Amino acid sequence: MREREDEWTGLMRSAMSGDSAAYHRLLKAITPVLRAAARRGLVRAGQGVDQAEDIVQDILLAVHLKRHTWDANAPFAPWLFAIARNKLIDTLRRRGRRIFVNIDDFSETLADQPAEETASPGEVAAQLKTLPARQRDVLQSIAVESASIKDTARKFSMSEGAVRVALHRGLTSLTAKLREQ
Amino acid sequence: MDTDQLIKTLAADNTHRARPVSVVLALALLAAAPVSILMFVAELGVRPDVMTAMHNPFFDLKFAVTLALASAAVTISLHLARPEASLRGFVWLLAIPAGLLVAGISGEMMMPQRLPMMTRLVGHNSKVCMTAVPLMSLPLLAASLFGLRHGAPTRPAVAGAMAGLLSAGLAATLYASHCTDDSPLFVATWYSIGTALIAALGALIGSRVLKY
């Protein structure tokens, strides 16, 4: 467990210094843990686990857009669990339940078996449709068609810089829309 | 979009680098400061006897208190902008401006009195003080909240209150150079009321806008 947390911290440090492959590995590694914690929280609040994947995606977006608040000299896991806990509480509160989420929920799940994705998430996909066409096209090209930034730029006759801007704006407004709903 | 696809998209955006919260907060405050200063210059202005007043330790103490409040609030705000931050070990910073005030009040008590206590406390400018400090705080409060929105505070209301203290501390620094009431008793009473008002407003707005 300790080892895994140290590995995350190392991956995040590489990610912050520009290593996108390390970042990808890190996000893949934390997802099952987040998923298990989201399920546990939902079950404890007496709700169905079909929302778990939406919560996971919500957490991943927040991690991404707020990663500049992580201090590279601090361990990564407490920072991650603070964000995850916030997002979980927020989701449950929006459904008007009294909830108690303990930070230990997240630490405990580190030891759990990784959970597989079950119900398909709908919230991000639904909000994606409301984005401006340019941002939506770029996001879809990269997410669904697995195109690189370069290929996406060629496909839409945009500069790579413009693709990067559209991608980042798309993710930002997606997150804003999820919060507003 | 399934989660793997989302992860792929986030990884593709890893090249985007956001500015640190401290930089965004500083830039926002720099942009808002001229508005507050303009309000100050247009309506109040520095008191005419400022050169003599500077030799009065109680006049100088006002700046020590307001600047200590502003710096403590900046430090705590930036700390709270991190999601895993707890208040522990940081709240005591707010004891510095409070301690300075208490020291000032005790110091004044020991001086041979020229004016009775109530006269010093009520002063001449209490109404102006209670209006000017909150009003000049408003542009700075908006800027602080904007800056902190760039962070990820787990307690949005507390972070908002700190944004309020920070902007009130800065506005009170401006106001202190206008006000002829130098008694620490006056400062402890009227400055505090204006500051508390803005802190409460900051907490109220913060609880809405600082959620991430």
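**Entry 1: chain B overall.** I noted that buried residues account for 51% of the 212 residues in chain B. The model is predicted. I went through the secondary structure of chain B and found nine helices and zero strands. Read from the N terminus, the order is α-α-α-α-α-α-α-α-α. I took the box of the C-alpha atoms along the principal axes: roughly 75 × 35 × 25 Å for chain B.

Entry 2: I looked at contacts in chain B with a separation of 6 or more; 85% of them join residues 24 or more positions apart. Chain B has 14 positive and 10 negative charges, and I found their mean positions 5 Å apart.

**Entry 3: rings.** I counted seven aromatic pairs over all chains. I checked A:Trp8 and A:Phe81: their ring centres are 6.3 Å apart and their planes stand at 75°, over the 60 degrees required, so I logged the pair as edge-to-face. A:Trp8 sits in helix α1 (residues 2-16) of chain A and A:Phe81 in helix α4 (residues 76-94) of chain A. The two are 73 residues apart, so this pair links distant parts of the chain. A:Trp8 has 1% relative accessibility and A:Phe81 has 3%, so both count as buried under the 20% cut-off.

**Entry 4: rings in chain B.** I then took B:Phe186 and B:Tyr191, an edge-to-face pair at 6.4 Å centre to centre, with 80° between the planes. Both residues are buried. Ring pairs join B:Phe186 and B:Tyr191 with B:Tyr175 and B:Trp190 in a cluster.

Definitions and conventions
Residues are numbered from 1 along each chain as its sequence is written. Chains are lettered from A and ligands numbered from 1 in the order in which they are written. This is a predicted model: local features need pLDDT of at least 70, side-chain atom pairs count only at pLDDT 80 or more; totals for chains, interfaces and linings use all residues. Side-chain values use heavy atoms; hydrogens and water are left out. Helices (H or I, at least four residues) and strands (E, at least two) are DSSP runs, numbered from the N terminus. Buried means under 20% relative accessible area, exposed over 50%, partly exposed in between (1.4 Å probe, protein chains only). Contact means heavy atoms within 4.5 Å. Lys and Arg count as positive and Asp and Glu as negative; His and the chain ends are not counted. The place of a charge is taken as NZ of Lys, CZ of Arg, CG of Asp or CD of Glu. Rings of Phe, Tyr and Trp (its six-membered ring) pair if their centres lie within 6.5 Å; planes under 30 degrees apart count as stacked, over 60 as edge-to-face and the rest as tilted.
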